[in-house]
Amino acid sequence: MDSLDTKIIIEGIRNQDQKVLNTIYNEYFPIIRQLVLGNSGSIQDAKDVFQEGIIVAYRKIKESDFKLTSSFK
C-alpha cells in the first residue's frame, strides 16, 4: 500500500485496519526515529514515542466530535 490520504488514515486507525497501520508505520516511523535520534534519544525511545502517538490518535479519533484540522502528517 502506498501513501494514504488523511481520510483513509483516519478510517484505518478507527477500524484498526492492519494494512493501514503498517503503511502508517512504514511512512511515518522513519521521520519520528530521525527526530528522536537527533535529540539524543534511542531507537526504543522513538518506538515508544511513535506508539504513544498512535494510541493518542486512536483515542481522539474514536471520540464522536473528532475533527482533524490539518494533515495527518
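Biologist: What are the ground rules here?

Modeller: The model is predicted, so local features need pLDDT of at least 70 and side-chain atom pairs count only at pLDDT 80 or more, while totals for chains, interfaces and linings use all residues. Residues are numbered from 1 along each chain as its sequence is written, and side-chain values use heavy atoms, with hydrogens and water left out.

Biologist: How many salt bridges in the whole structure?

Modeller: One, where a salt bridge is a side-chain nitrogen of Lys or Arg within 4 Å of a carboxyl oxygen of Asp or Glu. Arg14 pairs with Glu11, with the closest N and O atoms 2.5 Å apart.

Biologist: Where do Arg14 and Glu11 lie?

Modeller: Both are in helix α1 (residues 6-14), three residues apart, about one turn of the helix; helices are DSSP runs (H or I, at least four residues), numbered from the N terminus.

Biologist: Switching to rings. How many aromatic pairs?

Modeller: Four, counting rings of Phe, Tyr and Trp (its six-membered ring) with centres within 6.5 Å; planes under 30 degrees apart are stacked, over 60 edge-to-face, the rest tilted. One of them is Tyr25 with Phe29, stacked at 4.9 Å centre to centre and 10 degrees between the planes.

Biologist: Is Phe29 buried or exposed?

Modeller: Buried, at 4% relative accessibility; buried means under 20% relative accessible area, exposed over 50%, partly exposed in between (1.4 Å probe, protein chains only). Phe29 also pairs edge-to-face with Phe50, centres 5.7 Å apart and planes at 85 degrees.

Biologist: Which residues form the cluster?

Modeller: Tyr25, Phe29 and Phe50 form one aromatic cluster.

Key: Helix = DSSP H or I, 4+ residues; strand = E, 2+ residues; numbered from the N terminus.
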